[in-house]
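Please look over the sequence and the model shown here before reading the notes that follow. The briefing below goes through them topic by topic.

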Amino acid sequence: MKKLYYILGSLQVFTAIGAIPAGIGYLMDTSGKVMGASTELLAGSPLKSFLLPGLFLVLINGLANLAGAYLSFTRNKYAGYIGLILGILLTLWIIIQVAWISLISFLQPLFLVIGLVNTYLGWKIIRTVSRS
């Protein structure tokens with residue numbers, strides 16, 4: 001059981017480490033130029049700038065995952081629920097991203113898998129704890 005928390009926490013830290021700098025980059029320049037992107041990427045989406053993606057990256061995929069990692073590493077009773085929710089959000093984030101801007105990076109499938117694994121681990125922790 002301890003291993004599930006450790007794996008979940010590690011994946012959450014990895015997600016946050018990737019998301020926070022990218023999110024800050026998009027918030028510093030919502031045109032995406034600083035990040036090597038262009039608002040032309042957003043043509044198939046309802047967005048006009050990278051402001052909302054930047055906020056989502058920093059707040060949800062970044063800071064919320066750091067908080068989730070803390071809960072996971074301390075084996076908090078809410079760690080499974082937070083892991084499940086953040087896993088679902090990461091999975092949806094990638095699915096929506098690919099639908100709107102297409103597959104443009106190997107990081108998209110990587111984080112899709114991480115989101116799915118987080119979802120599974122969160123669910124598994126919840127089930128294991130509820131049986132105890």
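**Briefing on the predicted model**

At 54% relative accessibility, Tyr6 counts as exposed, where exposed means over 50% relative accessible area, buried means under 20%, and partly exposed lies in between (1.4 Å probe, protein chains only). The model is a predicted one, in which local features need pLDDT of at least 70 and side-chain atom pairs count only at pLDDT 80 or more, while totals for chains, interfaces and linings use all residues. Residues are numbered from 1 along each chain as its sequence is written, and side-chain values use heavy atoms, with hydrogens and water left out.

**Confidence**

- The mean pLDDT of the protein is 96, and 100% of its residues reach 70 or more; pLDDT is the predictor's confidence in each residue, on a scale from 0 to 100.
- Confidence is lowest in H4, where the mean is 96, and highest in H2, where it is 98.

**Overall architecture**

- The protein has 4 helices and 0 strands, where helices (H or I, at least four residues) and strands (E, at least two) are DSSP runs numbered from the N terminus.
- Read from the N terminus on, the elements follow the order α-α-α-α.
- The radius of gyration is 16 Å, close to the 14 Å that the globule rule gives for 132 residues, so the protein is as compact as a globular protein of that length; this radius is taken over C-alpha atoms, and the globule rule is 2.2 Å times the number of residues to the power 0.38.
- Along its principal axes, the C-alpha trace spans about 50 × 25 × 20 Å.

**Surface and contacts**

- Of the 132 residues, 39% count as buried.
- The protein exposes about 7500 Å², of which carbon and sulfur atoms supply 72%; accessible areas come from the Shrake-Rupley method with a 1.4 Å probe, and for residues only the protein chains shown count as cover.
- Among the contacts with a separation of 6 or more, 72% are accounted for by residues 24 or more positions apart, a contact being heavy atoms within 4.5 Å.

**Aromatic pairs**

- There are 5 aromatic pairs in the model, counted when rings of Phe, Tyr and Trp (its six-membered ring) have centres within 6.5 Å; planes under 30 degrees apart count as stacked, over 60 as edge-to-face and the rest as tilted.
- The ring centres of Tyr6 and Phe73 are 5.9 Å apart and their planes stand at 55°, so this pair is tilted.
- Because Tyr6 lies in helix H1 and Phe73 in helix H2 (residues 51-73), the pair ties together parts that are 67 residues apart in sequence.
- Phe73 counts as partly exposed, at 41% relative accessibility.
- The rings of Phe14 and Phe111 have centres 5.8 Å apart and planes at 20°, so this pair is stacked.
- Since Phe14 lies in helix H1 and Phe111 in helix H4 (residues 107-131), the pair ties together parts that are 97 residues apart in sequence.
- Phe14 is partly exposed at 42% relative accessibility, whereas Phe111 is buried, with a relative accessible area of 13%.

- Gln12 sits in helix H1 (residues 2-28) and is buried, with a relative accessible area of 0%.
- Leaving aside neighbours within four places in sequence, Gln12 is in contact with Asn65, Gly68, Ala69, Ser72, Gly83, Leu86 and Asn118.
- Asn61 is found in helix H2 and counts as buried at 2% relative accessibility.
- With neighbours within four places in sequence again left aside, Asn61 is in contact with residues including Thr15, Ala16, Ala19, Leu90 and Trp93.
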